[in-house]
Amino acid sequence: METKHFLFVSADAALITDLAWQVHQEGHDVKYYIEAESDKEIGNGFVPKTDDWRAEVEWADVIIFDDIWVGSDVGTGALAQELREQGKAVVGGTPNTDQLEEDRGYAMEILEEHGVNTIEHHVFEDFDAGIQHVQENPAPYVIKPLGEVQNVKRLLYVGNEDDGSDVVDVLRAYKKAWGHRMKGFQLQRKVEGVEIAICGFFNGEQFIDQVNFNFEHKKLFPGNIGPSTGEMGTSMFWGGRNKLFEETFGKLEDWLAEEGYVGSIDINCIVNETGIYPLEFTPRFGYPTIALQEESLESSTGQFFYDLAHGNDPELEVHNGYQIGVRVVLPPFPFDDEKTYDENSRNAAVVFQTESRDGIHLEDTKKIDGQWRVAGESGMPLVVTGKGDTMQNARRQAYGRIKDIVVPNLYYRDDIGERWIQGDGDRLLAWGYLGP
């Protein structure tokens, strides 16, 4: 592929550094813009930067947004739509696809309108009304905050008591501690089964043939214990348009085409022997999912995203096996504590015991005089990946690579991929979801 110009835009946190680095390493001209002042150093020494992304629009052959919003007013979906109307090739959403993530009630309406099965759910703006609903309809529920606090991952609560009493207690606590900021929440009936996400890449008209199936690990500690994080690791494989795809995105393909959506879109579901139950959308790249998807691409990453943005049908070759990605983090992740970060993590050196950088992907990292260092303020320097013909072999490769990394105080989950080995894969096959 001849050299192309790629403009990467991080409107808030610097999330897409690794993809920009990968495309740059393939020989393309890259410019990377980061809005957040605290994150501007991320990627320094790895990719060329720009301080004004709008000034580079005419230069760019492809513009790629990493998230769904800019500040608190203008969504990147609106910006992407505006740029497409100007004739630019853009990987990004639309105002309506942004809303799939911002407004869970709207997301459920879209699913229902297109014949996709949904879990019983109710949206509340008043804590007392939610408490009353649980008391009158006792059952386990999941609390999902809405609005500005929905990305505070520790506020998502999965109930355990059959009478919903723990959910009532949590809602009362949230009313006291978060009532001034949590303007609404969704109560969703808890469903038991296997949690799996279906991820497709859409070119503005249709999904490409390769479908990604992934398993998120959001809790901080092994065994799915502790506070919720954005993500501690992911296991995945690629497949075709099986029943999982056809019963979800297969029914939304026309709607996404009407929107003109371009990029990665993910729908996380609970599935069991009785059905497929969508939980939430990610109408953007997932993190660290995109790093793991990059690792499994066996064709050109730059060519793929160039074709996707231009409405072509990319010839995507992927690893025919299993992949896992492990987020390597530092204190105080997943919390914000500037003193702890300054004392333990800021500018920490990332040292490798081998020359190989295979499977090493950037998050909050910079390079100064050839030395990799921790950047930003979040304590998420690296994602380490592995792949193999079995999930166990993918695990073995990823964790072997982590052992070659030396950073004081690093920590990570050591059980990514185990759920598949311990029965999730067998159950999905037995229920008939992974067939052709």
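Morning, everyone. The model is predicted, so local features need pLDDT of at least 70, side-chain atom pairs count only at pLDDT 80 or more, and totals for chains, interfaces and linings use all residues. Residues are numbered from 1 along each chain as its sequence is written, and side-chain values use heavy atoms, leaving out hydrogens and water.

Start with the sheet. Four strands form an open sheet, in the order β2-β1-β3-β6, with parallel pairing. Helices (H or I, at least four residues) and strands (E, at least two) are DSSP runs, numbered from the N terminus. Two strands pair if DSSP finds at least two bridges between them. β2 (29-34) and β6 (90-91) are the edges: each has a single partner strand, so one side of each lacks a neighbour in the sheet. Inside, β1 (residues 5-10) and β3 (residues 62-65) pair over four bridges. Find Phe-8; its bridge partner in β3 is Ile-64.

Now the helices. α2 (residues 76-85) packs on the sheet and touches β3 and β6, its direction making about 170° with that of β3. α10 (residues 301-309) lies across β1, β3 and β6, at about 95° to β3. Contact means heavy atoms within 4.5 Å. Axes are lines fitted to C-alpha atoms, for helices over the stretch in contact, and angles run from 0 to 180 degrees between N-to-C directions.

What packs with α10? Helix α1 (residues 17-25) does, at an angle of about 110°, with the axes 8 Å apart. That makes α1 roughly perpendicular to α10 (the term covers 65 to 115 degrees). Leu-19, Gln-22 and Val-23 of α1 meet Thr-301, Gly-302 and Phe-305 of α10.

A 1 Å grid is laid over the protein atoms alone; a cavity is a set of points where a 1.4 Å probe fits but cannot get out, while a pocket is an open set with protein on both sides within 12 Å along at least five of seven lines; lining residues have an atom within 4 Å of a point. Grid points join across faces, edges and corners, and volume is the space filled by probe spheres set on the points.

There are five cavities of 30 Å³ or more. Of its 18 lining residues, the closest to the centre are Phe-65, Gly-92, Gly-93, Pro-283 and Arg-284.

Last, the second largest pocket, about 230 Å³. Which helix gives the most to its lining? α1, with four residues.

Conventions: Parallel < 35°, antiparallel > 145°, perpendicular 65-115°, else oblique.
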